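Work through the exercises below with the sequence and the model side by side. Try each task before reading its solution.

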Amino acid sequence: MFYDKYVALCAKKGITPSAAAVEIGINKAAVSNWKSRKNNPSDVTKRKIADYFGVPVSELDEETPTPEGERKVSDDDIKFALFGGEGEITDAMYEEVKRFALMVKLREEAERKRGTDGDG
């Protein structure tokens, strides 16, 4: 539901849905309508929201169901998990962590392959 995505984006940014609406230039009543009537905003409003949060409009439109209790994990979620939400995490720092994770993954795959090569 659009409203849930909007609230999640607000939470990530540390702002209330009403305050975000004011900053975006949307009537606060619209937010209430999204919640109570389960309406979706117009394409123009979605564009404003996407621009404000720095996400693609497609992220607001995604209707892909997830299994119970699961949700899509964003880069911000991963950064928070890795760095504990402390201080500024630069793109360079995050890219270095991703390179390290790839190196570990490739090492593990190579070790598994070596293990199966000796079985035969």
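## Exercise 1: a threonine in helix 4

Thr-45 is found in helix 4. The model is predicted, so local features need pLDDT of at least 70 and side-chain atom pairs count only at pLDDT 80 or more, while totals for chains, interfaces and linings use all residues. Residues are numbered from 1 along each chain as its sequence is written, and side-chain values use heavy atoms, with hydrogens and water left out.

Task. Decide whether Thr-45 is buried or exposed, then list what Thr-45 is in contact with.

Solution. 
1. Take the cut-offs: buried means under 20% relative accessible area, exposed over 50%, and partly exposed in between, with a 1.4 Å probe and protein chains only.
2. Thr-45 has a relative accessible area of 18%, so Thr-45 is buried.
3. Contact means heavy atoms within 4.5 Å. Leaving aside neighbours within four places in sequence, Thr-45 is in contact with Ile-26 and Trp-34.
4. Look for a polar contact (a pair of N or O atoms within 3.5 Å; within protein, one must be able to donate a hydrogen and the other to accept it, and residues adjacent in sequence count only if both atoms are side-chain atoms). The side chain of Thr-45 makes one with the side chain of Ser-42, at 3.1 Å.

## Exercise 2: a lysine in helix 4

Task. Find the relative accessible area of Lys-46 and its contacts beyond four places in sequence.

Solution. 
1. Lys-46 has its place in helix 4.
2. Its relative accessible area is 8%, so Lys-46 is buried.
3. With neighbours within four places set aside, Lys-46 is in contact with Phe-2, Asn-40, Pro-41, Val-57, Leu-60 and Asp-61.

## Exercise 3: the whole chain

Task. Describe the secondary structure and burial of the chain.

Solution. 
1. Count DSSP runs: helices are H or I runs of at least four residues, strands are E runs of at least two, and both are numbered from the N terminus.
2. The chain has 7 helices and 0 strands. From the N terminus the order is α-α-α-α-α-α-α.
3. Of the 120 residues, 23% count as buried.
4. Take contacts between residues at least 6 apart in sequence: 47% of them join residues at least 24 apart.

## Exercise 4: helix 1

Task. Check the length of helix 1, then ask where its buried residues fall around the axis.

Solution. 
1. The expected span is 1.5 Å times one less than the number of residues.
2. For the 12 residues of helix 1 this should be 16 Å; the end C-alpha atoms are 17 Å apart, which agrees.
3. The buried residues of helix 1 are Phe-2, Tyr-3, Tyr-6, Leu-9 and Cys-10.
4. They fall within an arc of 125° seen down the axis, so they line one face of the helix. The arc is that of the directions from the helix axis to the C-beta atoms.
5. The cover over these residues includes helix 2, helix 3, helix 4 and helix 5.
6. Just after helix 1, Gly-14 takes a positive phi of about 75°.

## Exercise 5: helix 3

Task. Identify the cap of helix 3 and its buried residues.

Solution. 
1. Asn-27 caps the N-terminal end: a side-chain oxygen lies 2.7 Å from the backbone nitrogen of Ala-29.
2. Ala-30, Val-31 and Trp-34 are buried in helix 3. They cover an arc of only 105° around the axis, which puts them on the same side of the helix.
3. Helix 1, helix 2 and helix 4 are among the elements that cover them.

## Exercise 6: the core

Task. State which residues of the largest nonpolar core touch the most other members.

Solution. 
1. A nonpolar core is a set of buried Ala, Val, Leu, Ile, Met, Phe, Trp, Tyr and Cys residues joined through side-chain atoms within 4.5 Å.
2. The largest has 20 residues; Tyr-6, Ala-20, Ile-24, Ile-26, Trp-34, Ile-49 and Phe-53 touch the most other members.
3. Helix 1 (2–13), helix 2 (17–24), helix 3 (28–36), helix 4 (43–53) and helix 5 (57–61) each supply at least two core residues. Helix 1 gives the largest share, 5 residues.
4. Phe-53 touches Tyr-6, Leu-9, Cys-10, Lys-13, Ala-20 and Ile-24, not counting residues up to four places away.
5. Ile-24, in helix 2, counts as buried at 13% relative accessibility.
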